[in-house]
Amino acid sequence: MGKPTGFLEYERKIGDVIEPNVRIQNFLEFHKSLPFNEQRKQGARCMDCGVPFCQSGMMIGGMTSGCPLNNLIPEWNDLVYLGNMEQAYERLKKTNPFPEFTGRVCPALCEKACTCSLHGEAVSIKENEYSIIEEAFLHDRIKPEPPSIRTGKKVAIIGSGPAGLSAAFVLNKRGHEVTVYERSDRIGGLLYYGIPNMKLEKWVIDRRVKLLEEEGVRFITNVNAGIDISVKELQEQYDKILLACGASNPRDISVKGREAKGIYFAVDFLSKVTKSLPELQNGKKGQYPEVKGKDVIVIGGGDTGNDCVGTSIRLGAKSIVQIEMMPKAPEERTADNPWPEWPKVNKTDYGQEEAIAVFGQDPRIYETTVEEFFMDEHGQLKGVKIVKVESKIKDGKRVLEPVKGSERVLKAQVVFIAAGFLGTEPYIRDCFGVSFNQRTSIASKAGSYKTNVPNIYSAGDCRRGQSLVVWAMREGMEVAKEMDEALMS
């Protein structure tokens, strides 16, 4: 696919990125697209590699290698190179319902498995995908396509994140009447309130939701299914119910002083900032924890922690420290982490880049955990005691133990806990009667999305645990297929 010698002739190139000191002045996306002729060259870099690991989506060494959606990547890379963007879009939409989301927020598992990356730099697959979908929107190629025939079957989807939207997309195309219930005030779930605006501007979600509505999907906001509307009512009104309510039960930190004022869960902070964007854009103060002029500590080294760093910088934090329990990853693959496994290497994300630009150093402290929070006489957080940890084997298990004498205290008036999620919120089990597994996710048999309750299914993070948007989309499409087969017998 592509030009046979393209990967030899052209170097990998991506669109310009706005400089950190400039982009932190607002909450807008900061990646720009390549000119069309340059994008064609990037499509030309796709090799005729024989076995396209980029689209495999298989598990290797307990990690995903390649695209979980099994996107037809070599085909549309070739079409980008040929300049046939209309046909490229036709091939892209065969497997991906929402390329405008993955083209922005996916960590590009496809590129990590690209054959070019074995001895060089991967094809810029993610940017090719982004260019295809945005070019299709620009030229008005994406229009509502409601089904010509309705089956008379009704489906309720609980949750409007990537899993719920993907399932709604497929089930509606199959002719079923789909109603999506969302407890928040806006449609999008994790996409809307869990991902900052600078990674995914919210008009992108609204644009797709409008299309889905025009195709016949019904959205109901500000309704917490199971509480505001009973499960019995849902079962009486719908033939099938899908739980796609995410893994929104945050993991807490149980240490002395946890009750101090100024300690917040990261996802609550990020969602409140997103809700406050209209006020922020008009120079007003929104309803979120104040960080301007304060020392901020972020507990957690993942994507959510990074998002807290980038958001805090935009809100004027005085200083930022990000605490990570694990050791710093190597700069390059090690011998026990060969291609095409996911590369376990050090990554400096946008938030850390911005912290380096603003404060002159990487905010991350590795192999460290929190031992105690300190507060003043008013109960306000004033400091955090941290300690180094080291990995040891005890009773055949690897554990992290504090290193004596390594304790120190950092100034902090605000702390954001970004330590991951425990699984589905307990009220889902209590209301719907579904079984949970040991990871507090909704249980289902291998190879199926059915729960223990007849006619109730689950998909996405509430089933598999905290994961990627692209995996939620895959599960949403797969559960839709299983539900469709059951509905049509």
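The largest cavity in this predicted model holds about 120 Å³ of space. Its lining is made of 16 residues. Nearest the centre of that cavity are C67, N71, C106, C110 and E129. If you sort the lining of the largest cavity by class, you get eleven nonpolar residues, three polar and two charged.

Which helices supply this lining? At least two residues each come from α4, residues 73–82, from α7, residues 109–112, and from α8, residues 125–138. Of the contributors, α8 gives the most to the lining of the largest cavity, namely three residues.

In total, the structure has three cavities of 30 Å³ or more. I will cover one other. The second largest cavity has a volume of about 100 Å³, and 16 residues line it. C46, C49, C54, C114 and T115 are the ones that lie nearest its centre. By class, the lining of this second cavity divides into 14 nonpolar and two polar residues, with no charged ones. Here α4 gives the most, with three residues. So much for the cavities.

Now the packing. The largest nonpolar core contains 67 residues, and I157 and L242 have the most contacts inside it. Helix α19, which runs over residues 469–488, gives the most to this core, with eight residues.

What does L242 touch, leaving out residues up to four places away in sequence? The list includes A156, I157 and I158, then A167. It also has Y457, S458 and A459, and finally V479 and M483. That puts I157 among the contacts of L242, and these two residues are the ones with the most contacts inside the core.

D307 sits in helix α15, which covers residues 303–314. Is D307 buried or exposed? Its relative accessibility is 3%, and the cut-off for buried is under 20%, so D307 counts as buried. Which residues does D307 touch, again setting aside those up to four places away in sequence? They are G194, P196, K199, L270 and Y350.

To recap the points to look for on the screen: the largest cavity, with E129 among the residues nearest its centre; the second largest cavity, with T115 among those nearest its centre; L242 in the core of 67 residues; and D307, buried at 3% relative accessibility.

Notes
Residues are numbered from 1 along each chain as its sequence is written. This is a predicted model: local features need pLDDT of at least 70, side-chain atom pairs count only at pLDDT 80 or more; totals for chains, interfaces and linings use all residues. Side-chain values use heavy atoms; hydrogens and water are left out. A nonpolar core is a set of buried Ala, Val, Leu, Ile, Met, Phe, Trp, Tyr and Cys residues joined through side-chain atoms within 4.5 Å. Buried means under 20% relative accessible area, exposed over 50%, partly exposed in between (1.4 Å probe, protein chains only). Helices (H or I, at least four residues) and strands (E, at least two) are DSSP runs, numbered from the N terminus. Contact means heavy atoms within 4.5 Å. On a 1 Å grid over the protein atoms alone, a cavity is a set of points where a 1.4 Å probe fits but cannot get out, and a pocket is an open set with protein on both sides within 12 Å along at least five of seven lines; lining residues have an atom within 4 Å of a point. Grid points are joined across faces, edges and corners, and a volume is the space filled by probe spheres set on the points. Ala, Val, Leu, Ile, Met, Phe, Trp, Tyr, Cys and Pro count as nonpolar, Asp, Glu, Lys and Arg as charged, and the others, Gly among them, as polar.
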